Amino acid sequence: MKDQFKLTITDILKRKYFNKASIIAGHTGLNRIVKWVHVVEVTNIRKLLNGQELILSTGLGWQENENLFISYIEQLIEADVSGLCIEMGTYTSKIPNKVVQIANEHHFPIILFLEEVPFVKITQDIHFLLVNHHYIEERRKAEENKWLRDWLDGIHSEEEIRDHLLEHNSEISKLKLQGGVVCIYKYKQDVTTKFDHHYFMMLSRTIFQQQGFIVFATEERNSVILLLVNIRHKHDWKIRIKSGMNNLLNSEFINKQNNLKSNIGVGKFKSQLSLMNECYQSALEAIKIKSRMPSRLDNQFYEELHMYRFILLLNKQSDLRETINEYLKPIIEYDRKHNGKLLETLRVYLACNGSKQETAKRLFIVRQTLYHRLNKLTDLLGKDFMNSDKRLAIEFMLMAYEFLDNPLSPTFIGEV
């Protein structure tokens, strides 16, 4: 990705109003970034600054008072100011050695104007530069997000994608691209905190680059979408994704997020980058599935959600609830009418492969209670409900019922 525009003290020294300026301290800090310019003449300024400003002053606030001047410099350094420009003459005739020493120790540039300069024009010049580049940067970001969105929608060809990657990273030509995958990180947090998605994207980029991926990131409705282009062997891509995701979720940044709830979906891996839209759609499917079964599913990969994928597919193509009712309606109605536990008993009994001893143990009930429930299940389902074909269908319907009618499904992590 192209670097964002950053204006430094060195850049500002090249502007026309600084052609006769002199640097007397902090030469090692000329790479400091400047985000704004202020004219400040008061000496109590801690609460007036946000950091990374360039300060212009005539020295009116301290007027040859060395102690006030030292306090002023220390406040600027403490506030993470980028540098100080002083117009010599009217209120300041010399810079104390102690001030120069403090500035040098903290790599804090002090720049002197030996002739009168128009502070208003300086601020206008630099502010115009900053605002103009901010506008250009925002437009570039919008264009980049639009391009990534089109990529996720399957609009770009393989050649267009490779050209775009090369434009953003000249090293691409030396690398062998080995397909890619899409990861979606969907989040919701407490209203008292704010999720810094920009930092999260930078952190994700760093972590997954270390795992052998070129990372593109965009955001959409409380989601960060990562397009990961693989530059290593394909055979271990999933292991590397798991390692990167583990590092991300255990990072200090995530651990500091109060009351943050998240849902992660990793789509199918595709060898062709022009098919990343399929990766994206399958990642969305993983998010949908996991949002309905949060207590049962901790797997992030679409490819490993197996039966739930079929449930989602079948439900799209037909009303799966009708089929569920064919098998389970008598049990569901019995439980509702008698406040019973037949459905839970059936699920555990099947999970225990018909072992009565293990089923009773897991349900924390005595054998007689279990026998009574199994007899009732036989009445409602038929004597053949443990035969292989019917048993398989019942197990599938149990999963489908739990998936489609899960009352604990958190709606915030449904569709992106």
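This note goes through the predicted model point by point, from the overall fold to single residues.

1. Basis of the values. The model is predicted, so local features were taken at pLDDT of at least 70 and side-chain atom pairs at pLDDT 80 or more, while totals for chains, interfaces and linings use all residues. Residues are numbered from 1 along each chain as its sequence is written, and side-chain values use heavy atoms, with hydrogens and water left out.

2. Overall form. The protein chain holds 15 helices and 9 strands, where helices (H or I, at least four residues) and strands (E, at least two) are DSSP runs numbered from the N terminus. Its radius of gyration is 32 Å, well over the 22 Å that the globule rule gives for 416 residues, so the chain is more spread out than a compact globule; the radius is taken over C-alpha atoms, and the rule is 2.2 Å times the number of residues to the power 0.38. Along the principal axes, the C-alpha atoms fill a box of roughly 105 × 50 × 30 Å.

3. Among contacts (heavy atoms within 4.5 Å) with a separation of 6 or more, 71% are made by residues 24 or more positions apart. The accessible surface comes to about 22,700 Å², of which 48% belongs to carbon and sulfur atoms; the areas come from the Shrake-Rupley method with a 1.4 Å probe, and for residues only the protein chains shown count as cover.

4. Aromatic pairs. The structure holds 18 aromatic pairs, in which rings of Phe, Tyr and Trp (its six-membered ring) have centres within 6.5 Å, with planes under 30 degrees apart counted as stacked, over 60 as edge-to-face and the rest as tilted. W62 and Y72 form a tilted pair, at 4.9 Å centre to centre and 45° between the planes. The two residues are 10 apart, with W62 in the loop between β3 (53-57) and α2 (66-78) and Y72 in helix α2, and both W62 and Y72 are buried.

5. Y187 counts as buried at 8% relative accessibility, and F195 is buried with a relative accessible area of 3%. Both belong to one aromatic cluster formed by Y185, Y187, F195, Y199, F200 and F253.

6. Backbone points to check. Most residues other than glycine have a negative phi. E64, which is not a glycine, has a positive phi of about 70°; E64 sits in the loop between β3 and α2 and is partly exposed, with a relative accessible area of 41%. H107, again not a glycine, has a positive phi of about 55°, lies in the loop between α3 (97-105) and β5 (110-113), and is partly exposed with a relative accessible area of 41%.

7. The surroundings of F113. F113 is placed in strand β5 and counts as buried at 2% relative accessibility. Leaving aside residues up to four places away in sequence, F113 touches Y17, F18, A21, C85, I86, E87, M88, F119 and I122. From F113 to Q300 the C-alpha to C-alpha distance is 60 Å, at 187 residues apart in sequence.

Definitions and conventions
Buried means under 20% relative accessible area, exposed over 50%, partly exposed in between (1.4 Å probe, protein chains only).
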